[in-house]
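Please keep the structure in view while reading.

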Amino acid sequence: MKLIAWLDEISNRDVDVVGGKGASLGEMWNAGFPVPPAFVVTADAYRYFIRENKLDKKIREILKDIDVNNPEELNRKSEEIRRLILNAKMPKDLEISIIESYNRLCEESNGEDAFVAVRSSATAEDLPDASFAGQQETYLNVKGAENVVKAVQKCFASLFTPRAIFYREQKGFDHLDVALAVVVQKMINSEKAGVLFTVNPINHNYEEMVVEGAWGLGEGVVSGAVTPDTYIIDKKTLTPKSISIARKDIMFIRDEKGETKKVETPEDLKEKRVLSEEELRKLGEIGLSIEKHYGRPMDIEWAIERGNIYMLQGRPITTLKENSNSGKTLEKSQESGEILLKGIGASPGLASGKVKIIRDIKEIDKIEEGDVLVTKMTTPDMVPAMKKASAIVTDDGGLTCHAAIISRELGTPCVVGTQRATEVLKDNMLVTVDGEKGIVYRGEIKRGDKKKEEKREISTGAPVIITATEIMVNVSMPEVAERAAATGADGVGLLRAEHMILETGVHPIKILREKGEDALVEVFAEGIRKVADAFYPRPVTYRTLDAPTDEFRGLEGGEDEPVEQNPMLGWRGIRRSLDEKDILKCELLAIKKLRSEGYKNIRLMIPLVTNASEVRKVKELAREIGLELGKDVEFGVMVETPAAALIIEDIIKEGIDFVSLGTNDLTQYTIAIDRNNELVAKYYRENHPAVLKLIEYVIKTCKKHGVKTSICGQAGSRPSMVEKLVRWGIDSISANIDAIDTIRKTVARTEQRIILETIRDGRFSRD
Ligand code: PEP
Ligand code: MG
């Protein structure tokens, strides 16, 4: 029986011996790639540990007849097993083998006690997807033989976390069939690190590589906490075709105690380019060889320590279209690269097309498939044209304006808040829009995503990480439901109602007057049904109409909408709905109708609450039509005003199941910044201490009262905010379609970090 395997003894075929992670590291090592040295405590060693301590029978006994849907039972049993494993004795020969191997690793690293990463590597060969492997623990910066042995034992125990037990029960796997190998690998204390894609994942150009790099440890780039420099490399010459230097205000480092720390970047490095031409060439060479070795485009995590390049992880890129762009179609204009305008990058992606300026909705027919729509600010009646556009550019707006929300949902690159787009750009000019960086270039730099089906892909093939915090998705247009569902999100955290009406082009009052109640009920029901179908049985949170007067005035029959000085502070949200009860009643009837059709996955939420009495009135109205909110349908409120946040206990007393933080409005109302006004966009901060204080207060108060919390504002799509929310105990996060992958990773990483910190603090430790 082999207890330890070194990387030079391992290949891709050894998943059953060293787990998925161990096998892929061994494969790269033996192909000659610069992987940090490592050994693996094998799956046999784990089985030996279990056998010697006679744990198999005990584990089986504990898990017999477990009800994994009972969280208390699941947690109790998981803890019992983990305690058994942590208190068991590491067999002497196995302990000696681990210590000797660690010492050998240290000898190869100058003889000092080395920092190592101790990573779980599950033998998931008979499991349907690799996500299983990601569920066990990793311990970074472990030092000293004794600590390494302990960390290995902790990894063994992590095979029985509640979510791992839950997953195996759900999938019908025998708990004792799955074994766990443990990789012990020298830590790299990098001065720079990042990610390399061997094919450009944005425009799917197979003749380009993309390198992202930042200072310090790779943690910052991988989690999305740091905006890295981006280098696009020509695969033939291995020279950069485009370089974008980001301002890197923070970086991650290893401190004296060996802990990973987020610190401010030294002033002179903040705007300094991270990678030299020589380093890019070397990274490019390694990227090419790895791609050749695996025979497919790869996504590689790299790090540079004292000038030496290391590969820390390699996995196939799952979001590419097969050879969708061979690079031969790459057309360069003479003037490519000249910056015409800068604004706020509101929806990532790169696209080129002819400018069409829309000054009045009557001109909307000008937009043809693939054009760049340029306007002061988009309005809901422009949506059909927005769908045809390859990119959208506006004078006004910030990250949560109409253009930004809709284009992110459509997957169309968008730049907002340029202030002068309608002046600077001229009809029929050829431009390229970079929705990531917020730049409009003259000419066609790269072939853009012109056709809808070529639009930015969402990662649907990637393994789904299971997180304790639910990951939900926001939907504004029912027609994107399938695309949203394909993200693997746990449900819809916000389904906006506005577009269901705007799509008809007719004001709801006019529909009601001319076609009757049933017709309006069906408008709502049709939209909700589309989404509830795509997600069934996952929950869909329908939010009642939040109709701002300025947006509804453009509809047929909308002439009577009052003209308000400041619509954002005006007749909108639930206060308007309670004034126009006939429309709200139709929305409630639509939910009732869908329930009778069998859709049990719909929840109801009301917007812009400022008084507890609004909650009571909605419940009364629902009761009148025979719908018991909180009983027949889960019922919640949006917290979008400081008022709602501060009186959350009064609102809870009215009886609600959940709240959802609407940070788009909460921010504007807390710090007095109009979310649509580009002049003050730079002051719009969802992480302003006052906003954070309100959010923390709401989450903690709701927790105390057993009310679930979620977020559906744009801040839920930002990794730095999500870290805080998870730490405060939020139950779910609802993000934009394009942000789901990143947010899911951030949540998983934060949850794991919390567990690690808890263990380090001794609050969880059993040894
Ligand atoms: C919010 O205010 O955060 C929110 C999600 O609602 P909307 O953007 O539709 O106002
Ligand atoms: Mg809002």
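1. Terms and basis. Buried means under 20% relative accessible area, exposed over 50%, and partly exposed in between (1.4 Å probe, protein chains only). This is a predicted model, where local features need pLDDT of at least 70, side-chain atom pairs count only at pLDDT 80 or more, and totals for chains, interfaces and linings use all residues. Residues are numbered from 1 along each chain as its sequence is written, chains are lettered from A and ligands numbered from 1 in the order in which they are written, and side-chain values use heavy atoms, with hydrogens and water left out.

2. Glutamate 640 sits in the loop between strand S26 (635-639) and helix H22 (642-646), while aspartate 665 belongs to helix H24 (residues 663-671). The two are 25 residues apart, and the pair links distant parts of the chain. Helices (H or I, at least four residues) and strands (E, at least two) are DSSP runs, numbered from the N terminus. Both glutamate 640 and aspartate 665 are buried.

3. Ligand 1. There are 13 residues around ligand 1, and Arg496, Arg543, Gly662, Asn664 and Arg675 come nearest. Near means that a heavy atom of the residue lies within 4 Å. Arginine 496 places a polar side-chain atom 2.7 Å from a ligand 1 oxygen. Backbone N or O atoms also approach ligand 1 oxygens: one from asparagine 664 at 2.7 Å, and one from aspartate 665 at 3.0 Å. Taken alone, ligand 1 exposes 290 Å², and the protein buries 96% of that. These areas come from the Shrake-Rupley method with a 1.4 Å probe; for residues, only the protein chains shown count as cover.

4. Helix H24. H24 gives the most to the shell around ligand 1, with 3 residues. How many of its residues are buried? The count is 8 of 9, including Thr663, Leu666 and Tyr669. Their cover includes S26, H22, strand S27 (658-661), helix H25 (689-704) and strand S28 (708-711). Just after H24, alanine 672 takes a positive phi of about 55°.

5. Serine 190. This residue lies in the loop between strand S5 (180-186) and strand S6 (192-197). Serine 190 counts as buried because its relative accessibility is 8%. Its side chain reaches the backbone oxygen of glycine 216 at 2.8 Å. Beyond four places away in sequence, serine 190 touches Gly216, Leu217, Gly218, Ala303, Ile304 and Glu305. Contact means heavy atoms within 4.5 Å.

6. Are they buried or exposed? Arginine 306 is exposed, with a relative accessible area of 67%, whereas leucine 608 counts as buried at 1%. Look also at tyrosine 536 and proline 537, which are joined by a cis peptide bond with omega about 5°. Proline 537 is in the loop between helix H17 (517-535) and strand S24 (540-543).

Notes. A polar contact is a pair of N or O atoms within 3.5 Å; within protein, one must be able to donate a hydrogen and the other to accept it, and residues adjacent in sequence count only if both atoms are side-chain atoms.
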